[in-house]
Amino acid sequence: MTYTAEVEHMCPLAKGAYHGPAPIPEEGKWVQAKEVKDISGFTHGIGWCAPQQGCCKLTLNVKNGIIEEALVETLGCSGMTHSAAMASEILIGKTIIEALNTDLVCDAINTAMRELFLQIVYGRTQSAYSEDGLKVGASLEDLGKGLRSQVGTMFSTKLKGPRYLEMAEGYVEKVAVDEDGAIIGYKFLNFGKMMEFIKKGDDPAAAMEKARGSYGRTTEEQGAVKLIDPRKE
């Protein structure tokens with residue numbers, strides 16, 4: 001350690017009491033985090049790229065400073081899906097400091113990692129008050145049946161109004177409208193369920209039929225006067 005001459009010629013004084021860092025909540029415990037191994041937590045964060053043409057939702061499960069689980073979900077940019085594939089391999093097994101200073105291929109994923117790092121080191125995680133935190137694999141529960149991300153896609157114009165294209169339940173096949181032309185319900189196809197049925201041996205046509213559902217008022221008795229294809233009509 002090299003000191004300036006001014007510091008070298010100062011007289012030494014006793015340092016006051018040191019109480020350490022403020023404790024933060026981690027998995028049901030209050031922890032004075034001094035090293036990376038002192039950090040644990042399960043949390044989510046959102047990131048975006050500079051042109052803001054796509055975004056990433058990143059979920060991490062950190063145990064003793066190490067990323068044990070990562071869920072990378074991307075939206076809006078085709079290239080980001082491949083970046084997510086590489087990031088999923090890069091993230092696991094790294095400390096959160098290593099991950100923060102690693103190129104995760106896509107800037108949206110890098111930004112999400114930055115936001116998660118802030119949450120984790122400040123004790124603002126989803127598992128802050130959960131004893132022993134969440135098990136590795138917990139992020140899959142956010143995806144629901146079929147293990148697909150929750151996606152909402154809507155398109156609208158002033159001239160023709162809204163079109164529902166995809167909801168959390170799945171791909172929207174038909175939109176129900178009433179006599180005033182207002183949307184009152186929709187019929188959907190759950191791709192996740194359909195693929196599960198097919199993997200179990202169902203005929204694709206039968207699997208598709210079993211995976212169909214509806215939300216709201218979609219029948220004539222319920223006030224629907226027309227079902228339209230939101231992609232064509």
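This is a predicted model: local features need pLDDT of at least 70, side-chain atom pairs count only at pLDDT 80 or more; totals for chains, interfaces and linings use all residues.
## Cores, a buried threonine and a surface patch

In the largest nonpolar core, which has 25 residues, the ones touching the most other members are Cys56, Leu58, Leu60, Leu91, Ile109 and Met113. Two or more residues of this core come from each of E4, strand E5 (66–75), helix H2 (78–91), helix H3 (96–100) and helix H4 (107–121).

**Around the cores**
- Setting aside neighbours within four places in sequence, Leu58 is in contact with Thr43, His44, Gly45, Leu71, Val72, Leu91, Ile109, Ala112, Met113 and Leu116.
- There's another core apart from the largest one, with seven residues that include Met167, Val172, Tyr186 and Ile228.
- As background, nonpolar side chains tend to be buried together in soluble globular proteins.

**Thr59, a polar residue to look at**
- Thr59 sits in strand E4 (residues 55–63).
- Its relative accessible area is 0%, so Thr59 counts as buried, the cut-off being under 20%.
- The side chains of Thr59 and His44 are joined by a polar contact of 2.9 Å.
- Beyond its neighbours within four places in sequence, Thr59 is in contact with Phe42, Thr43, His44, Glu69, Ala70, Leu71, Leu116 and Ser139.

**Out on the surface**
- Met1, Tyr3, Val7 and Met10 make up a nonpolar surface patch, together showing about 510 Å² of accessible area.
- You'll find Met10 in the loop between helix H1 (5–8) and strand E1 (24–26).
- Met10 counts as exposed because its relative accessible area is 56%, and the cut-off is over 50%.

Key. Residues are numbered from 1 along each chain as its sequence is written. Side-chain values use heavy atoms; hydrogens and water are left out. Helices (H or I, at least four residues) and strands (E, at least two) are DSSP runs, numbered from the N terminus. Buried means under 20% relative accessible area, exposed over 50%, partly exposed in between (1.4 Å probe, protein chains only). A polar contact is a pair of N or O atoms within 3.5 Å; within protein, one must be able to donate a hydrogen and the other to accept it, and residues adjacent in sequence count only if both atoms are side-chain atoms. Contact means heavy atoms within 4.5 Å. Patches are made of residues with over 30% relative accessible area and no salt bridge: like charges are joined within 9 Å, nonpolar side chains (Val, Leu, Ile, Met, Phe, Trp, Tyr) within 5 Å. Accessible areas come from the Shrake-Rupley method with a 1.4 Å probe; for residues, only the protein chains shown count as cover. A salt bridge is a side-chain nitrogen of Lys or Arg within 4 Å of a carboxyl oxygen of Asp or Glu. A nonpolar core is a set of buried Ala, Val, Leu, Ile, Met, Phe, Trp, Tyr and Cys residues joined through side-chain atoms within 4.5 Å.
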